[in-house]
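Subject: Structure handover

Hi,

Here is the structure I promised to pass on to you. Have a look at it first, and then read on for what turned up.

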Amino acid sequence: MFFSISSPLLAQTESGRSKAQKEALKEQMINSGKSEAEIKEQLKRSGMSDAEIQSHLESLQKSDQLITRSDQDLFESITDTADTADVAKEEFDELSQFDEFDDIEEEIPILREAPIAEGELRPFGYEIFNLSPKTFEPLEGGPVDPNYPLGPGDEIVLTLWGDTEQFHRLRIDREGKILIPDIGQVVISGLTLERAEEKIKSRLSGVYSGLDPLSGSQSTFFDLSMGKLRSIRIFIMGEVKRPGGYTMRATVTAFNALYYGGGPNQRGSLRNIRIIRDGKTINRMDLYSYLLYGKTEEDMRLQDGDAIFVPIRGRMVAIKGEINAPAFYELKPWDKLRNLLSLARGLKATAYVDRIQIDRIVPFEERESYPQERKIIDIDYKSYMKDKDKDFQLVDGDVISVFSILDFKMNLVNIAGSVTRPGTYELNEEMRLTDLIEEADGVLGEIYLDRADIIRTKSDLTKQLIQIDLGLAMSGDSTQNLLLQELDEVKIFSIHEIEGSYSVTIRGQVKNPGRYPLLEDMNLYDLLFKAGGMLDPAYMKNTYLERADIIRIGDNSLKRDLITFNLGKLLDGDQNENIDLQNQDEIFIYSMTDIEGQPSVRVSGHVKRPGRYRFQDNMTIYDLLFKAGGMLDEDFRKETYLERADLLRLNDDGITRKTIPIHIGHVLLRDPKEDIHLIDNDELIVYDIFTVERKKFVTITGRVKRPGQIELTDGMSLKDLLMRAGGYTNDAFRLHAEVARIDPFNLGEKSLADIIKVDLPKTLSGARPGDQGFLLKEYDRITVMRHPNWQLQRTVTISGEVNFPGEYSLKDKDEKLSDLIKRAGGMSSEAFEEGARFTRGGQRVIFDLNKALKSNSAKDDIVLRPGDSITIPKNPMVVSLSGALQTPGLLKYTPGKKSMYYIDRVGGFVKDADRRSVLITRANGRVDVGIKRFWWDPKVNEGDQIRVALKEKKEPFDMSVFLKETASIAASFATVIFVISQSAK
């Protein structure tokens with residue numbers, strides 16, 4: 001059996017396993033394909049107790065997963081016609097335990113889904129097989145149907161009670177018989193449960209007279225029921241995602257079984273699935289019947305040895321557009337356009353049936369008479385709807401497009417504007433303009449009666465404007481109250497749209513600027529009163545009273561007139577300034593800032609809030625510093641250069657500036673000589689101490705936690721610096737450090753720096769009283785070096801079939817591979833020594849583990865280095881075949897067999913195989929030639945990989961090209977000889 005349960009999971013106790021590990025073990029047990037007895041035996045050999053084994057099996061039974069997949073036979077049945085994809089790779093990963101040979105996975109032929117074409121269209125029906133197989137799995141514990149035939153391997157439960165009490169679980173043997181105590185053998189294979197019950201009861205009645213009611217009162221009672229069902233072997237072949245053999249319950253049907261093969265791939269047919277028994281096709285399944293109509297008549301119960309074969313799909317056509325289920329559909333030979341529309345669940349109500357278009361790839365046999373490979377066919381399907389006997393033949397690759405009707409309505413009119421309910425209305429017979437207005441619940445007030453517009457759409461879809469007199473139309477004048485036509489658009493105007501609304505606008509230094517309705521006899525004072533602020537003394541302080549402006553539109557609406565007035569006089573009651581307002585007048589009221597500007601002073605530099613501040617009367621430098629902040633903050637003030645600040649002030653010319661030096665310290669003491677009064681546009685610049693006094697730094701590098709440049713303070717020692725740098729790192733050399741010291745103003749011609757070697761333990765101990773240690777100077781560069789012998793443990797990893805796999809620390813520089821295997825407890829009984837893999841620096845090392853364990857030579861017994869990885873796999877029990885072979889894959893290893901034996905087992909070479917290029921990659925990584933020469937044929941070992949290459953394609957010899965190149969070379973050679981001869985003269 002190819003599958004075995006993972007030893008690392010079995011090696012742990014029940015309590016020591018995590019939930020994920022338990023689930024992994026459970027999954028391996030489910031997928032192993034082994035019987036309950038085989039699983040129990042293997043778990044017991046691994047060291048699990050009986051209680052643990054029973055717990056796992058009960059958990060397994062609750063999971064309702066007794067149908068298991070096949071093992072190695074699954075891979076031997078996969079054909080070479082498939083492409084590579086993730087589906088079969090997952091299947092191989094789940095079943096294979098020989099994971100150490102990574103490149104085996106790349107060589108297994110597996111299947112890929114066909115690409116999706118035509119935008120979002122997908123082949124119909126295939127997505128149902130993306131669900132879990134358990135979705136369509138028959139119930140394990142449910143009753144069998146009345147027609148279920150009993151067969152070898154089934155278990156029946158026989159119960160007698162009354163005068164005689166007996167209970168027997170009886171399994172049908174290979175000959176179809178059961179053995180009943182006191183009765184003997186009874187043949188029941190092929191019978192239904194009901195008929196078997198009649199036959200067994202008849203035999204029991206001869207022994208237990210109380211069982212027969214005809215003999216008198218019945219005193220013994222009898223019951224027969226099903227126990228465990230037998231398993232059968234089903235083969236799923238052809239264009240399926242996971243072909244192979246599968247072990248299933250005997251109640252399985254063809255549809256259930258097909259699910260376990262992953263269903264048809266997108267090359268496979270859904271409509272012509274064959275069930276083969278004893279080499280003959282006994283039934284065909286059309287899954288469309290099940291998917292579209294729920295019909296299961298073609299589904300049938302399978303028997304042991306049955307095969308399900310999925311051929312290449314037939315004609316595929318696509319249908320899209322106004323159809324209820326657009327997709328790719330597979331057609332049977334007799335299916336035509338009507339059948340396709342039925343499969344696609346019919347046309348939508350919005351379908352345009354006058355033209356259905358078919359994009360066709362011209363069939364091969366028609367291309368000689370047709371100049372192009374593609375053509376477009378338009379069908380008037382309306383005629384097909386009238387004639388039920390009429391239909392249209394489709395060919396493979398057709399794409400049918402069903403178009404939509406136009407989103408265009410005709411029997412309507414629209415009304416907009418000054419009506420109660422504007423919108424779209426149905427056009428009734430003999431509907432006039434006033435009828436439509438009445439439908440819209442009448443007009444709103446202030447409508448414009450002199451005109452309404454009707455925009456009419458003519459037959460050629462051009463627009464025509466019709467002007468009517470709305471007043472006459474509403475009074476009943478038939479020449480204006482027109483009959484409406486389809487798609488008419490009616491516009492009712494309001495008087496404000498035509499004549500406009502009357503308003504004035506005020507802006508600027510008022511509390512409520514904006515647009516106001518122009519009332520009759522409204523003047524400037526009325527508007528100012530509405531806008532507010534003119535009666536607020538505080539607000540008026542910043543209002544410019546000498547002038548305000550009115551912008552007025554002229555009579556021709558193109559020119560604008562400027563009218564000025566004195567705001568102060570207007571507010572004092574001068575009626576000569578109180579001008580009457582007109583429609584669309586704009587009034588501007590100015591502030592003092594708008595006219596005269598805002599007096600301000602500025603502060604910059606070392607203050608918390610630099611910027612421009614409003615100038616106030618009697619404002620001094622102290623006041624400005626107080627506003628800018630920081631001078632009352634002791635820490636901030638310590639960084640301020642108090643002996644000097646600069647006050648920049650405009651000269652009399654108003655352009656140039658002069659500098660007035662200020663002593664900030666005296667200003668803060670309110671010295672009147674320094675705390676001078678400011679004027680408009682003054683600027684004060686405050687400096688920090690670092691602008692005047694330069695900082696000093698030293699640098700520390702190497703094995704400290706925070707290397708870098710650090711400020712040098714007075715009396716700073718090397719010990720202080722190490723503390724500031726966070727102390728040593730773990731690998732620091734703590735006996736001495738180097739100090740590179742320079743005087744940048746007094747460097748010699750050759751000397752770059754003085755190197756001082758500092759004794760760190762002595763310097764840092766501070767043994768002598770008053771000793772400050774090693775004092776630092778500006779520009780010093782201190783280097784703390786790495787300890788030359790410092791290093792952490794160096795580790796290697798060993799995994800796989802050793803008793804204690806894991807990561808190990810090397811104990812010395814000469815530790816060998818054999819030493820490591822001894823420390824790991826030696827190899828397990830399932831270890832495959834020939835397949836051991838040794839990896840160093842990401843590359844595989846070719847070696848022989850048997851020689852390494854028996855030899856003391858470094859050539860065979862490798863000396864380990866940090867990072868080495870050793871993996872010892874389990875016995876694979878398989879041989880891998882790949883390349884130019886008929887059905888590459890995995891085969892069971894047979895001792896003593898040679899390369900041609902395995903090549904013959906997979907169908908031999910393909911046509912283009914290079915039979916002289918056969919390589920055998922041994923389990924230990926060595927590569928041998930696998931060509932059969934005379935009587936010699938190389939022996940194949942367990943875990944080996946046989947690879948066959950394709951022949952290289954050689955270009956045919958072109959004599960004309962050869963002659964041209966020869967002539968060109970000869971001409972070049974003659975030219976060279978001529979040039980040499982001429983130069984010699």
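Let me start in a loop: M877 sits between strand 41 (869-872) and strand 42 (878-883). Helices and strands here are DSSP runs, H or I over at least four residues for helices and E over at least two for strands, numbered from the N terminus. M877 is not a glycine, yet its phi is positive, at about 65 degrees. Its relative accessible area is 36%, so M877 counts as partly exposed (buried is under 20%, exposed over 50%, partly exposed in between, with a 1.4 Å probe and protein chains only).

Before going further, some ground rules. This is a predicted model, in which local features need pLDDT of at least 70 and side-chain atom pairs count only at pLDDT 80 or more, while totals for chains, interfaces and linings use all residues. Residues are numbered from 1 along each chain as its sequence is written, and side-chain values use heavy atoms, with hydrogens and water left out.

**The chain as a whole**

The protein chain has 29 helices and 46 strands. It runs to 985 residues, of which 41% count as buried. Among its contacts with a separation of 6 or more, 61% are between residues 24 or more positions apart (a contact means heavy atoms within 4.5 Å).

Most residues other than glycine have a negative phi, which is what made me look at the exceptions. L487, again not a glycine, has a positive phi near 70 degrees. It lies in the loop between helix 14 (470-474) and strand 21. Is L487 buried or exposed? With a relative accessible area of 13%, L487 is buried.

Strand 9 (residues 273-277) and strand 10 (residues 280-285) are antiparallel and share five bridges (two strands pair if DSSP finds at least two bridges between them). R274 has R284 of strand 10 as its bridge partner. Two residues separate the strands of this hairpin, and D278 in the turn has a positive phi of about 55 degrees.

Five strands make an open sheet with mixed pairing, in the order 18-17-21-19-20. Strand 18 (423-426) and strand 20 (463-468) are the edge strands, each pairing on one side only. On average, neighbouring strands of this sheet are turned by 20 degrees against each other, direction ignored (axes are lines fitted to C-alpha atoms, for helices over the stretch in contact, and angles run from 0 to 180 degrees between N-to-C directions).

Within this sheet, strand 17 (residues 412-417) runs parallel to strand 21 (residues 489-494), and four bridges join them. G417 is partnered there with I492 of strand 21.

G423 is in strand 18. Leaving out residues up to four places away in sequence, G423 touches V413, N414 and I415. G423 is partly exposed, because its relative accessible area is 22%.

Another open sheet of five strands has mixed pairing and the order 23-22-26-24-25. Its edge strands, strand 23 (514-517) and strand 25 (560-565), each pair on one side only.

Strand 22 (residues 503-508) pairs with strand 23 in the antiparallel sense, over four bridges, and I506 stands opposite G514 in strand 23. Helix 16 packs on the sheet, where it touches strand 22, strand 23, strand 24 (543-553), strand 25 and strand 26 (586-591); its direction makes about 60 degrees with that of strand 22.

**The cavity**

How many cavities of 30 Å³ or more does the structure hold? There is one. A cavity is a set of points, on a 1 Å grid over the protein atoms alone, where a 1.4 Å probe fits but cannot get out, and lining residues have an atom within 4 Å of a point. The largest cavity holds about 40 Å³ of space, a volume being the space filled by probe spheres set on the points, which are joined across faces, edges and corners.

Its lining consists of Y525, L528, F529, M534, L535 and L571. Helix 16 (residues 524-531) gives the largest share of that lining, three residues. The lining divides into six nonpolar residues, no polar and no charged (Ala, Val, Leu, Ile, Met, Phe, Trp, Tyr, Cys and Pro count as nonpolar, Asp, Glu, Lys and Arg as charged, and the others, Gly among them, as polar).

Best wishes

Note on methods:
1 Å grid on protein atoms, 1.4 Å probe; cavity = no way out; pocket = protein on both sides within 12 Å on 5 of 7 lines; lining within 4 Å.
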